[in-house]
Amino acid sequence: TISSTPSTRPAALLEDLDRRHVLHPHERGHRSQRRVMVRGQGSTVWDASGREFLDALGGGIWVAQVGHGRQELADAAARQISELAHFTSFFEYGTDKSALLAERLTTLAPAGMDRVFFTCSGSEAVDTALKLARLHHHHRGEPDRNWIIARHYGYHGTTYGSGTATGIPNMQVAVGPNLPHVEKVMPPYPYRPEMYGGQGTTEFLLNELSETIERLGAGNIAAMIGEPVLGGGGVIAPPADYWPRVRELLRSHGILLIADEVITGYGRIGSWFDSAPRGMDADIITTAKGLTSGYVPMGAVLMREEIAASVAGGERDFFHGHTYSGHPVAAAVALANLDIIEKESLLARSLAISEWFRTGLAGAAELPSVGDVRVEGAMAGIELVADKATREPVTDTLALAVADELYETHGVITRNYGPTLVLSPPLVFERAEAERTTSAITEVLGRLDVASGRIAPR
Ligand code: PLP
């Protein structure tokens, strides 16, 4: 018989149950090992065998802004469950917590973002944003504006809409027709200037975007979507003039700009939202993850009032929504989470983490296997190369082996996105934790021999 308290079950049994019965998101078919986590506190998590790990990837997936095990959030959820666990936000219904949260978000968001639509995830937020853009134009008399411009290397989720907008081709294979009318352009990738045929990066990208708009016809395009800084694409920030010039070009053609801030929102890069400082001046902002620090699932789409007014104004009804949109428990947790981010000055902490990463990774940057170190607020991408001179990337398999070695020998949780090793810890990360992470990375990469594709034993 199995005890009902997971932490007392033998780890091997849990791993076996997981292996046999759970289909994992992005499951890797060739991997049989399982990592079953049972407890967290601050930036530390424990697996079912009791082994301790340092979570340098925020719940393993760019979340956990306020760290694990916060009693305030547990209390907020418990209070709300006993008051009113759920009531719909459909039609004219709503709850006190969702109204309070919507108001709070509009005060934190860039000026003009006056309305909020709640979802349960980032993918749903992106799908909602794509629909809002098309609906907005349709109701304003431009029903042909259906095209969405997205970017290679962008990650927007895995539903059919958000998955089609995602610039990682594997996700669109063998699932039948994807969302029609989605076109991809290149993003900036300053470490790989050869992508831009000898032109300046922004120059090339603006030309490409202009040509794309001309080819599709400006009157057929609803919106462009992009992350202020590419996250899953490898933590890649654009040159300073990129977003302002893209914004200007789109606006001159009446095309909306959707900033996908699912990763960058809520303090990841030192401000509540990163799109405004990058000059995006977005019409719609999609968020999730840090909104609740992942304690309960919730996403939020922020938009200009005129967009809300055109999709649900006057006599017009809006046909879109989820059973759990504006869930009061999620909203209560989000409000308590935002309180912690404010009270503990975690926006400033994210910039401190940035400095600790920059300093701590300076030695690693010199290693033959490290092509580029990119630190943006409390996230970092370390792009690994097989040849530093030619910048040939390492295989994904080798980058995964590096992440595995960090996990096994140092108990540090990171992840590879293609050839890039990524960090995105809780914003409560302490200096010693940042140093432990960066010295573990430097140590492991010091043992990596790219010529043989091997990591020497410690
Ligand atoms: N948008 C961005 C920028 C993301 O990084 C992600 C997930 O990592 C998503 C959207 C999708 O969010 P979710 O996994 O909550 O559906």
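This briefing describes the domains, the ligand surroundings and selected strands and loops of a predicted model. Local features are reported where pLDDT is at least 70, side-chain atom pairs count only at pLDDT 80 or more, and totals for chains, interfaces and linings use all residues. Residues are numbered from 1 along each chain as its sequence is written. The protein chain has an average pLDDT of 96, and 98% of its residues score at least 70; pLDDT is the predictor's confidence in each residue, from 0 to 100. For the complex, the predictor gives an ipTM of 0.99 and a pTM of 0.97.

**Domains**

- The protein chain is assigned domain 1 (6-66 + 345-455) and domain 2 (72-343), with bounds that come from an automatic or database domain assignment.
- The centres of domain 1 and domain 2, taken over C-alpha atoms, are separated by 27 Å.
- In domain 1, 26 residues are in contact with 23 residues of domain 2; contact requires C-beta atoms, placed from the backbone, within 7 Å of each other.
- On the side of domain 1 that touches domain 2, at least two residues each come from helix H2 (58-62), helix H11 (346-360), strand E11 (370-376), strand E12 (379-387) and strand E16 (420-423).
- Helices (H or I, at least four residues) and strands (E, at least two) are DSSP runs, numbered from the N terminus.
- That side of domain 1 has 13 nonpolar, eight polar and five charged residues. The nonpolar class holds Ala, Val, Leu, Ile, Met, Phe, Trp, Tyr, Cys and Pro, the charged class Asp, Glu, Lys and Arg, and the polar class the others, Gly among them.

**Ligand surroundings**

- The ligand is surrounded by 14 residues, of which the closest are Ser-121, Gly-122, Ser-123, Gly-157 and Val-262; a residue is near a molecule if its C-beta atom, placed from the backbone, lies within 6 Å of it.
- Helix H5 (residues 122-139) contributes three residues to this shell, the most of any element.
- The shell comprises five nonpolar, seven polar and two charged residues.

**The four-stranded sheet**

- Four strands form an open sheet in the order E1-E2-E3-E14, with mixed pairing; strands pair if DSSP finds at least two bridges between them.
- Strand E1 (37-41) and strand E14 (412-413) are the edge strands, each pairing on one side only.
- E1 and strand E2 (residues 44-47) run antiparallel and are joined by four bridges.
- Met-37 stands opposite Asp-47 in E2, while Gln-41 has Thr-44 of E2 as its bridge partner.
- The hairpin of E1 and E2 has two residues between the strands, and Gly-42 takes a positive phi near 60 degrees there.

**Strands E11 and E12**

- Six bridges link E11 and E12, which run antiparallel, and Val-375 stands opposite Ala-380 in E12.
- E11 is largely enclosed by the rest of the structure, because seven of its seven residues are buried. A residue is buried if 20 or more other C-beta atoms lie within 10 Å of its own, exposed if 12 or fewer, and partly exposed in between, with C-beta atoms placed from the backbone.
- In the hairpin of E11 and E12, with two residues between the strands, Gly-377 takes a positive phi near 55 degrees.

**Loop residues with positive phi**

- Ala-64 is not a glycine, yet has a positive phi of about 50 degrees. Ala-64 lies in the loop between H2 and helix H3 (71-84) and is buried, with 28 other C-beta atoms within 10 Å.
- Lys-289, also not a glycine, has a positive phi of about 20 degrees. Lys-289 is in the loop between strand E9 (284-287) and strand E10 (299-304) and counts as buried, with 28 C-beta neighbours inside 10 Å.

Conventions. Two residues are in contact if their C-beta atoms, placed from the backbone, lie within 7 Å.
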